[in-house]
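This report looks at how two parts of one protein chain meet. The sequence and structure come next.

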Amino acid sequence: MITVALPKGRIADEVLGLFTNIFGSDFAFVNRQLILQKDNFRFLLVRNQDVPIYVAYQAADLGVVGLDVLEETKIDIVRLLDLKIGKCKVVLGSKVDETLDYNKPQIKIATKMPNITRDFFSKRAVATDIIKLYGSIELAPLVNLADAIVDIVETGNTMKENNLKIDEIILESSAYLIANNNSFYAKKVDILNLYNKIEHLVKEK
Ligand code: PRP
């Protein structure tokens with residue numbers, strides 16, 4: 001049995017689509033159930049940011065999660081494969097009519113990704129005051145809570161509609177298949193078997 005943690009939403013649907021394709025029968029969660037058991041697999045539906053935790057603690061053998069979340073949580077897992085889905089960018093953004101002044105002492109950055117933000121600015125020796133928020137990050141510069149934001153951009157619409165521009169791209173992200181270190185050794189044959197089948201489909205895209 002292999003347990004796979006999936007992030008709720010479109011990525012879970014796309015990954016279950018891959019399994020449906022590989023095994024030729026329907027893999028889908030029923031109503032609001034959070035566990036799906038089928039054939040030799042058990043899928044768990046979890047919050048995106050929680051996927052690395054389920055995998056690190058071996059509540060799941062495998063997981064699917066964005067590179068942005070992996071970089072933010074810095075948990076020790078095996079990165080198996082870039083699934084080339086769920087593509088997005090982590091960017092530094094600010095108001096369209098303002099130029100970010102990196103020399104300003106303690107520029108204020110609002111973000112839900114404080115670790116990525118800290119790493120980015122410390123590499124440039126820029127002193128920042130990182131303001132951790134949980135959502136609607138784009139609002140912060142509009143009400144002078146922050147000078148700039150570090151946030152996810154997918155279509156770019158949210159930033160555009162709130163008069164923000166991208167100043168720099170910090171990270172190009174997509175969803176990765178990850179494994180627990182111990183599971184990877186204990187279930188290596190089964191995991192590599194699955195890996196090969198998924199890799200074949202990802203390459204075809
Ligand atoms: C993310 C992100 C942006 C938005 C970007 O937020 O933080 O706000 O999506 O998407 P776009 O470039 O396609 O407009 P999410 O929808 O996850 O909500 P949240 O702000 O509550 O985290």
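How many residue pairs are in polar contact between domain 1 and domain 2? The count is seven, with both residues of each pair at pLDDT 80 or more; a polar contact is a pair of N or O atoms within 3.5 Å, where one must be able to donate a hydrogen and the other to accept it, and residues adjacent in sequence count only if both atoms are side-chain atoms.

## Model and domains

The model is predicted: local features need pLDDT of at least 70, side-chain atom pairs count only at pLDDT 80 or more, and totals for chains, interfaces and linings use all residues. Residues are numbered from 1 along each chain as its sequence is written, and side-chain values use heavy atoms, leaving out hydrogens and water.

Domain 1 covers 2-86 + 174-204 and domain 2 covers 88-173, with bounds from an automatic or database domain assignment. Their centres, taken over C-alpha atoms, lie 30 Å apart. Nine residues of domain 1 and 12 residues of domain 2 form the contact (heavy atoms within 4.5 Å).

## Buried area

About 810 Å² is buried between domain 1 and domain 2, with 46% of it on carbon and sulfur atoms. Buried area is the accessible area (1.4 Å probe) that two parts lose on being put together, summed over both. On the domain 1 side, Asp68, Glu72 and Lys74 lose the most area to domain 2, together 60% of what that side buries.

## Salt bridges

The interface of the two domains holds two salt bridges (a side-chain nitrogen of Lys or Arg within 4 Å of a carboxyl oxygen of Asp or Glu). Lysine 74 and aspartate 119 form a salt bridge through their side chains, at 2.7 Å from N to O.
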